[in-house]
Amino acid sequence: MGPVHTVYGPALLCAGAGCSQQFGAQPQWIWFLSSSYVGAHSTTLMPTVSKGDGMRGLAVFISDIRNCKSKEAEIKRINKELANIRSKFKGDKALDGYSKKKYVCKLLFIFLLGHDIDFGHMEAVNLLSSNKYTEKQIGYLFISVLVNSNSDLIRLINNGIKNDLASRNPTFMNLALHCIANVGSREMAEAFAFEIPSILVAGDTMDSVKQSAALCLLRLNRTSPDLVPMGEWTARVVHLLNDQHLGVVTAATSLITTLAQKSPDDFKTSISLAVARLSRIVTSASIDLQDYTYYFVAAPWLSVKLLRLLQCYPPPEDAALRSRLTECLETILNKAQEPPKSKKVQHSNAKNAVLFEAISLIIHHDSEPTLLVRACNQLGQFLQHRETNLRYLALESMCTLASSEFSHEAVKTHIDTVINALKTERDVSVRQRAVDLLYAMCDRSNAKQIVAEMLSYLETADYSIREEIVLKVAILAEKYAVDYTWYVDTILNLIRVAGDYVSEEVWYRVIQIVINRDDVQGYAAKTVFEALQAPACHENLVKVGGYILGEFGNLIAGDSRSSPLVQFSLLHSKFHLCSVPTRALLLSAYIKFINLFPEVKATIQDVLRSDSQLRNADVELQQRAVEYLKLSCIASTDILATVLEEMPPFPERESSILAKLKRKKGPGKLPDIDENRRNVNGSSEHSENTDTTNKVSYVLNLNSSPSTGPSLLVDVFSDSSTSASVDVSEDNFSRFVCKNNGVIYENQLLQIGLKSEYRQNLGRIYVFYGNKTSTQFLSFSSFVTSSDILKTHILHCLIASYPIIEGGAQVQQILNIECVSDFTDAPVLNIQFRYGGTLQNIAVKLPVMLNKFFQPTEMTSQDFFQRWKQLGAPQQEVQKIFKAQHPMDTDVTKAKILGFGVALLDGVDPNPANFVGAGVIHTKSTQVGCLLRLEPNAQAQMYRLTLRTSRESVSQRLCELLGEQF
Amino acid sequence: MMRFLLLFSRQGKLRLQKWFTPIPEREKKKIIREMTTMVLARQPRSCNFLHWKDLKIIYKRYASLYFCLAIENHENELLALEVIHRYVELLDKYFGNVCELDIIFNFEKAYFILDEFLLGGEIQETSKQIVNRCIESSDMLQEYYCEGETDFPGTWRKL
C-alpha cells in the first residue's frame with residue numbers, strides 16, 4: 001500500500017498562502033475556488049489512493065455511474081448492476097464474504113444515489129456474523145442507513161448485535177453500539193436498554209466503548225424513554241464527570257444533560273461536579289489538555305456541554321459553589337478581552353462558542369446584575385465586529401437579554417447600532433435578527449422610533465420577511481400606542497407600503513380597535529378618507545376604508561369636501577377594481593350609508609338596481625344587491641336604524657395578530673414582549689395588557705357575509721333552514737379514542753380532517769375542510785355547540801367563516817379546548833354552506849374525550865402495586881369483560897394503549913401477556929391518577945379490562961372509551 | 001443535538017447524508033432539495049447560519065463541497081461550525097489532502113469516520129488523534145484479516 005498521490009480535484013483544506021485573501025473572515029482554511037471541478041460529464045479519474053481495504057468492483061461501478069451522460073444512462077447502468085447483484089445473491093454458488101461485502105456496498109451506493117433498494121437486507125445481516133472486521137462494518141453500515149423497523153430482520157440484527165456486545169472485543173462492541181445508536185428503533189431499545197447501562201458503568205469497560213455506550217443510551221432515552229428506566233446506574237453515570245478521559249466526560253455530559261432535563265432532581269449532584277470540572281478547564285494552561293485543546297482553546301466542546309448542563313438548573317444554592325461558578329464565568333468573559341492566541345478563525349470560533357454559552361447561562365440564571373451587564377457589553381462589542389457570524393449571534397443573544405429586568409436598559413443603549421444593522425447589513429438573515437432584536441427591545445420609550453424604522457425598512461425589505469415585519473409593526477403599534485391617531489396612521493402606512501403582506505388579522509384588528517375606541521373614530525374616518533384619495537390604493541385600504549366610512553362616515557360628513565355623496569363616489573370609484581369579497585364588503589358599506597345619510601339613498605339604490613349588481617354572475621354579490629335593495633325599499637327608518645346600527649364593541653381578547661406571529665415563529669422563538677418586564681424599582685410597566693395574554697385566540701368574524709355579518713338580515717330574508725335540526729354524525733368518533741389525527745367526516749362534497757394536540761388540560765384541534773367538488777362553496781361557516789353540562793367543562797373558540805371555498809381547496813380552523821373538569825359528552829361541530837344554491841347543514845361529533853388529557857406516568861412495579869392497593873375501594877374500580885372485535889395482536893394492542901395516553905409498564909404484571917398502564921388525567925380543577933390493566937385471553941378471544949382511579953365517573957368513562965377499542 | 005449532516009457539491013449533487021433521527025425517505029428527499037437550494041443561493045460573505053423551521057442550519061463551503069449541519073434551537077452555532085471543520089480535518093488526515101472525489105469513491109470510509117466522531121447526534125470524541133488512531137487500527141485489522149485473499153486489489157487501474 002504505497003499510495004502515489006496525484007491531484008484529482010480541489011483539496012477541501014488548503015493551508016497555502018495563495019488562497020487566503022478571498023474571504024477576509026476566513027483567513028486560514030480557505031474555501032478554495034477551483035475552476036477545474038471534475039464534473040459528472042467529464043471522464044473521472046478514480047482516486048489513486050486507497051486506504052484500508054479496497055473494493056475494485058465498487059470503484060469501477062462508481063466510476064461508470066459518474067461517466068453516465070444522462071439520467072437515463074445512469075438508470076440503465078444501475079438496473080444492469082441490480083440485475084447482476086440479484087443473480088449473484090440468488091445463484092447456487094455460495095458467495096464469499098468479500099463478494100458479499102462488495103455487493104452490499106454497491107447496493108448501499110445505489111440507495112444513497114436516491115434509488116429504491118428492495119433486496120440485499122438478508123445478505124447485509126449475514127455480514128454481521130462475519131469475523132472479518134470490514135465485512136461486519138459494511139453490514140452494520142448498510143443496516144444503519146437502510147433498515148426501517150422491518151420486524152423479521154430486526155430479530156436477526158439484534159442477534160448479531162447481541163453477539164458482538166458479548167464478544168468483549170472493543171471494536172466489535174463499538175460497531176454494535178453505533179448500530180443501536182444509528183437505528184435507535186423501539187425493538188432495539190426493548191432488547192438492549194437493560195444491558196447498555198451496565199456496559200457504561202462497568203469498571204473494566206474500555207473508554208471508547210463507554211463513550212459509545214453513553215451516547216447509545218442517550219439515543220434510546222430520546223426515542224423510547226419508557227424503556228430506559230432510571231436505576232442504580234444513574235448515580236454512577238454522574239460520577240463519569242470525574243473521569244480521567246475527557247472523551248468519556250464529554251459523552252457522559254451529553255447523556256446527563258438530557259436525563260437531567262427530564263428528571264432534574266435525580267441528577268442534582270451533577271451541579272457541583274460540573275462546576276468543578278469547568279473550573280479546572282477554564283483555569284488550565286492550554287497545553288494541559290493535550291489533544292482536547294482545539295486551536296489553543298481548552299476543551300471547547302466539553303466546556304460548552306458543561307455550561308449547557310448547568311442551564312438545566314437554577315443558580316447553585318451553596319454559596320461557595322456559586323462563587324466558584326461566578327469566577328468561571330468571569331474568567332471566560334475576561335478571556336474575551338485578551339488578544340487572540342491565533343489568527344485562525346477556528347481559534348476565535350471555539351473561544352467565542354464558549355463565551356456565548358457562558359452568556360446563555362448568565363441569562364438563564366438572570367440573577368447577577370454585574371454579569372448580565374458585562375455580557376451585554378460584550379455582545380455590544382460583537383454588534384460591530386467585522387465577522388458577520390458574530391454580529392448575527394450577538395443580535396440573537398441580545399434578544400434574550402432584552403427580556404431580563406437587569407439588562408433591558410443596557411440592551412436599549414445599542415438601539416442605534418441595531419437600526420444601523422437593519423439598514424446596512426448585506427445578509428438578509430442578519431437583518432432579520434436585527435428586526436427581532438428591535439422588536440424585543442421595544443418599550444414605550446422607544447416605540448415610535450422603532451416602529452418608524454421598521455416601516456421605512458419595510459419599503460426595501462426582502463419579500464421573504466415582509467409579512468413577519470408587518471405583524472411585528474402592527475403589534476408594537478397597538479401595544480405602545482399612547483394616542484390612537486398614531487396607531488391608525490401606522491397601520492394605514494403599513495397597508496400603503498406593504499399592502500400585499502398585510503394579512504386579514506392586521507386589518508381586522510385596526511377595525512376592532514377603531515370600533516372599540518370612540519376617541520379615534522372621527523380621526524380614523526378622516527384619515528381613511530384622505531388615504532382613499534390616492535389614485536392607486538391597495539385593496540386592503542379599500543376594505544378598511546369601506547368598513548370605517550360605513551360605520552363612522554357621518555363623523556366627517558359635515559365638511560362639504562367629504563359630504564356623503566363625495567364619500568360614496570370615492571368608495572364606488574374603487575368598486576370595479578376590487579375582488580369579490582371586497583365588493584361584498586362595499587355593498588354592506590353602501591346599505592349602511594343609506595341608514596346614515598338618507599340624502600344618498602336614491603343614488604345608492606340606483607347603483608344596487610343596476611344590472612351589474614342585480615344580475616351579477618357572482619351569487620354572493622347578486623344576493624347582497626337584491627337583499628339590500630329590498631331592505632332599503634320596504635323597511636321603515638326605524639327598522640333600518642336597528643338593522644344597520646353601529647357595530648357593538650368587540651370583546652377584549654388576545655390580539656389575533658400576536659397569535660398569528662406566534663404560529664409563524666413556532667413556540668419558544670418569539671421573545672415574549674407580553675410578559676411584564678419588571679423594572680428595577682418593581683413597578684409593572686404594561687399592567688393593562690396582562691389580563692389579555694392568556695386567553696384563547698379567536699377567529700375574528702368581520703367578513704360581513706349575510707349568514708354572519710349583519711346577522712338580522714338572515715332572519716328577515718333567508719329561509720328558515722338554519723334552525724332545522726341535523727343528525728349528528730358520530731361514525732368515526734370511536735376511531736379517534738386512541739389517535740389524534742385523521743378524517744372525521746366525509747361525504748360527496750366535503751371532507752373534514754382533524755389534527756389535534758393535547759398538553760395537560762389544554763388541547764388544540766386543527767380542523768381542515770376540504771372541498772371535494774370542482775365548484776365553490778359559498779358562505780361557509782362553522783361553529784361548535786355543546787350541551788349545557790359540557791359547556792362548563794370545555795371552553796372553545798367558536799366560529800369560523802369563509803365567504804368562499806374554491807373547488808378543490810382546503811381551509812383550516814383552529815379550536816382551543818380546555819378541560820375544566822372530567823366530562824362524558826363531546827362537543828358538536830356544526831357546518832353550514834351553500835353548494836349550487838342549496839344550503840348544506842352538517843353536524844359532526846368532535847372527538848374530544850377525557851382520555852385526551854392524559855399524561856403518561858412511568859413507575860416501578862413496587863409503586864404501581866402500592867397505588868393499585870390504595871385505589872381498592874369498590875366505586876374506584878370499574879371492570880369490563882368483553883369479546884375481541886379485532887384480531888388479538890400484541891403490537892396493535894400496545895399501540896392502542898399508548899395511543900390512549902397512558903404509559904405502558906413492562907415487567908409489572910407477573911403474566912407477560914397482560915398489559916399494565918398508568919397515567920394522570922389533567923383537568924383545570926384537579927388531576928386524577930389512573931391505573932389500568934388489560935388481560936387478553938387468546939383462547940376465549942376475550943379481554944378483561946380493569947380501571948382504577950380516585951373518581952368513579954372517570955373510571956367509568958375511561959372504561960367505556962377503551963373497552964370499545966379491542 | 002444535531003439532526004442531520006449533508007454534504008453536497010456546488011452543482012447540488014449530494015455526496016453524503018447522515019440522519020440522526022428517523023425520517024421517512026420521502027421527507028429526506030424533500031429536506032435535501034430544500035437545503036441545497038437554500039444554501040447554494042446564499043451570497044458569498046454571508047453569515048454561516050440560517051433559521052429553518054425549528055432548526056438552525058449551519059453551513060460552510062470547503063472547496064467544491066458544502067457541509068450543511070442542522071442543529072436544534074438551543075445548540076451552539078459556532079461550535080457546530082467547528083464540528084464541521086473537525087470532520088473535514090479528520091477526512092483530510094485520513095485521505096491526505098482530501099477532495100470531493102475521495103468522498104465519492106470511499107463513501108463508506110467517510111461514514112465510518114463520521115461514526116467515530118459523532119454518534120446519535122452528539123459529539124463522541126473530539127480528539128483528532130484518538131479518532132484517527134481508531135480508524136487506522138480498523139484498517140490494520142482489515143489488512144491482517146485479508147492477507148492471502150486473492151481478489152483483493154493491489155493496485156489501481158487508471159480509467
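Predicted model: local features only at pLDDT ≥ 70, side-chain atom pairs only at ≥ 80, totals over all residues.
**Exercise 1. Which residue pairs with Glu122(B) in a salt bridge, and where do the two residues lie?**

Step 1. The partner is Lys305(A); the closest N and O atoms are 2.6 Å apart.
Step 2. This pair crosses between chains: Glu122(B) sits in strand S7 (residues 122-123) of chain B, and Lys305(A) in helix H14 (residues 300-310) of chain A.
Step 3. Apply the cut-off for burial, under 20% relative accessible area. Glu122(B) has 4%, so it is buried. Lys305(A) has 13%, so it is buried.

**Exercise 2. Find what Glu357(A) ties together through its salt bridge with Arg308(A).**

Step 1. The closest N and O atoms of Glu357(A) and Arg308(A) are 3.3 Å apart.
Step 2. Glu357(A) belongs to helix H16 (residues 345-365) of chain A and Arg308(A) to helix H14 of chain A, so the bridge ties parts 49 residues apart in sequence.
Step 3. Check the cover. Glu357(A) is buried at 3% relative accessibility. Arg308(A) is buried at 19%.

**Exercise 3. Tyr295(A) and Arg45(B) have positive phi. Is each one buried or exposed?**

Step 1. Recall the background: most residues other than glycine have a negative phi.
Step 2. Tyr295(A) has phi near 45°. Its loop runs between strand S1 (293-294) and strand S2 (297-298) of chain A. At 15% relative accessible area, Tyr295(A) is buried.
Step 3. Arg45(B) has phi near 70°. Its loop lies between H1 and strand S3 (49-52) of chain B. The cut-off for exposed is over 50%. Arg45(B) has 54% relative accessibility, so it is exposed.

**Exercise 4. How many residues of H25(A) are buried?**

Step 1. Helix H25 (residues 504-516) of chain A has 13 residues. Its first and last C-alpha are 18 Å apart, close to the 18 Å expected.
Step 2. Of the 13 residues, 11 are buried, so H25(A) is mostly covered. Among them are Trp507(A), Tyr508(A) and Arg509(A).

Notes. Residues numbered from 1 in each chain as written. Chains lettered and ligands numbered in written order. Heavy atoms only, no water. Helix = DSSP H or I, 4+ residues; strand = E, 2+ residues; numbered from the N terminus. Expected span 1.5 Å × (residues − 1). Buried < 20%, exposed > 50% of the residue type's maximum accessible area, 1.4 Å probe, protein only. Salt bridge = Lys/Arg side-chain N within 4 Å of Asp/Glu carboxyl O.
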